[in-house]
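Dear colleague,

A short account of the findings comes after it.

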Amino acid sequence: MKKALKEYNINTELKHTSLGQMNSERTWADIIFVLRNLYSGIKVNEGEHILPIVNIMNGKEMARQVNELVDRYYPGAKS
């Protein structure tokens, strides 16, 4: 995904974690992807960007979704 994000000129820090550790990342991360089959058990709070994903290895699709959110909510993250 890091390579795919470069195509959009998005400055980012990526971190991978388990679902059990996700709650500790919620205050740090602006955008979180969760496997779709686990997504239904998550309560998304207002202002959070937690997205379900089918294939965690599909970096191009994830980067496309991140780009849409960055354009809308975090335009300063682009270089």
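Predicted model: local features only at pLDDT ≥ 70, side-chain atom pairs only at ≥ 80, totals over all residues.

Residues are numbered from 1 along each chain as its sequence is written, and side-chain values use heavy atoms, with hydrogens and water left out.

**Largest pocket**

The largest pocket holds about 900 Å³ of space. Its lining comprises 32 residues, of which Leu14, Lys15, Ile31, Ile32 and Phe33 are the closest to the centre. (A pocket is an open set of points on a 1 Å grid over the protein atoms alone, where a 1.4 Å probe fits, with protein on both sides within 12 Å along at least five of seven lines; lining residues have an atom within 4 Å of a point. The volume is the space filled by probe spheres set on the points, which are joined across faces, edges and corners.)

Helix H1 (2–6), helix H2 (22–25), strand E1 (31–35) and helix H4 (59–73) each contribute at least two lining residues; E1 gives the most, with five. Helices (H or I, at least four residues) and strands (E, at least two) are DSSP runs, numbered from the N terminus. By class, the lining has 21 nonpolar, six polar and five charged residues. Here Ala, Val, Leu, Ile, Met, Phe, Trp, Tyr, Cys and Pro count as nonpolar, Asp, Glu, Lys and Arg as charged, and the others, Gly among them, as polar.

Lys15 belongs to the loop between H1 and H2 and counts as exposed at 52% relative accessibility (buried is under 20% relative accessible area, exposed over 50%, partly exposed in between, with a 1.4 Å probe and protein chains only). Between Lys15 and Val66 there are 14 Å in space, C-alpha to C-alpha, and the two are 51 residues apart in sequence.

**Surface and selected residues**

Leu19, Leu35, Leu38, Ile56 and Met57 make a nonpolar surface patch of about 460 Å². Such a patch consists of residues with over 30% relative accessible area and no salt bridge, nonpolar side chains (Val, Leu, Ile, Met, Phe, Trp, Tyr) being joined within 5 Å and like charges within 9 Å; areas come from the Shrake-Rupley method with a 1.4 Å probe. Leu38 sits in helix H3 (residues 36–39) and is partly exposed, at 38% relative accessibility.

Asn9, in the loop between H1 and H2, has a positive phi near 60 degrees. Most residues other than glycine have a negative phi. Asn9 is partly exposed, at 43%.

**Salt bridges**

The count comes to five salt bridges, each defined as a side-chain nitrogen of Lys or Arg within 4 Å of a carboxyl oxygen of Asp or Glu. Within helix H4, Arg64 and Glu61 lie three residues apart, about one turn of the helix, and their side chains meet at 2.5 Å, N to O. Glu68, four residues from Arg64 in H4, also bridges to Arg64, with the closest N and O atoms 2.4 Å apart. Arg64 is partly exposed at 33%, as are Glu61 at 25% and Glu68 at 47%.

A further salt bridge links Lys78 with Asp71, at 2.8 Å between the closest N and O atoms. Shared partners join Glu61, Arg64 and Glu68 into one network of salt bridges.

With kind regards
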